[in-house]
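Dear colleague,

Please find the structure below, together with its sequence. My notes on its aromatic residues, a strand pairing and the nonpolar core follow.

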Amino acid sequence: DSDNDLFPNYLEVMIKNVTKTNKVIFAIARGKRTQELYENGKLSDFIDDSKDYPNKLTVKDIGLRTHHFDINGFMHSRKIIDLGIRFDEQTRGLEDWDFSLQIGEKFPNGFVYVNQPLFHYHQRYGIPSIVSNATYEDWANSFERIYQRHKKSKILKGQKWYPNRVEKYKKLQSEFEAGKIPPQQYMVFLNKKAR
């Protein structure tokens, strides 16, 4: 979509990696990511956040959220569509994570991580977008919904993000409503900048 760039060698490298064995059902490439702040429609500041992409990533890591995960650079077999695995349209955020959990639960040994930067994700704040327009409450609701949908999954066994993430975002929503903190889109950027 408009905030992602696939590198020219994306298809060549991904196909080479997913066809090494007939067991591969889905694959994700390593990426480059920049957090970008827009003011009055113009880029005013950015942070290179590519370090969030790990050198190794497993299906279990995806469930435990031990590393950054997004669906950019994602490739899957047609089998996923044929089996009826779809994005959950009721999840307002993190729907890509939920989608990957569905696939990982069904095919825990069918995953390949391609540890080569093959795309650039421009995570934009301050302009109309799903990420930019999300509230703290949206994030709390998404984490809650995904946990409830997948809590019996082996992939989530040992996770430490629930209920902490839900409680964190509910607290932030209360602080935002009380006027103590800025909207989610700016807070995310400011926290990253402070590191």
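**Aromatic pairs**

The structure holds 13 aromatic pairs (rings of Phe, Tyr and Trp, the last by its six-membered ring, with centres within 6.5 Å; planes under 30 degrees apart count as stacked, over 60 as edge-to-face and the rest as tilted). In one of them, Trp97 and Phe143 have ring centres 5.8 Å apart and planes at 65°, so the pair is edge-to-face. Trp97 belongs to helix 4 (residues 95–106) and Phe143 to helix 6 (residues 136–150), so this pair ties together parts that are 46 residues apart in sequence. Helices (H or I, at least four residues) and strands (E, at least two) are DSSP runs, numbered from the N terminus.

Please note that this is a predicted model: local features need pLDDT of at least 70, side-chain atom pairs count only at pLDDT 80 or more, and totals for chains, interfaces and linings use all residues. Residues are numbered from 1 along each chain as its sequence is written, and side-chain values use heavy atoms, with hydrogens and water left out.

Trp97 is buried at 0% relative accessibility, and Phe143 is buried at 2% (buried means under 20% relative accessible area, exposed over 50%, partly exposed in between; 1.4 Å probe, protein chains only). A further pair is formed by Tyr147 and Trp161, whose ring centres lie 5.9 Å apart with planes at 85°, so this pair is also edge-to-face. Tyr147 lies in helix 6, whereas Trp161 lies in the loop between helix 6 and helix 7 (164–177). Tyr147 is buried, with a relative accessible area of 17%, and Trp161 is buried at 4%. Trp97, Phe143, Tyr147 and Trp161 form one aromatic cluster with Tyr162 and Tyr169.

**Strands 2 and 3**

Strand 2 (residues 26–39) pairs with strand 3 (residues 42–48) in the antiparallel sense over 6 bridges (two strands pair if DSSP finds at least two bridges between them). The two strands form a hairpin with 2 residues between them, and Asn40 in the turn has a positive phi of about 55°. Tyr38 stands opposite Leu43 in strand 3.

**Nonpolar core**

The largest nonpolar core has 52 residues, and Trp97 and Phe111 are among those with the most contacts inside it (such a core is a set of buried Ala, Val, Leu, Ile, Met, Phe, Trp, Tyr and Cys residues joined through side-chain atoms within 4.5 Å). Strand 5 gives the most to this core, with 8 residues.

With kind regards
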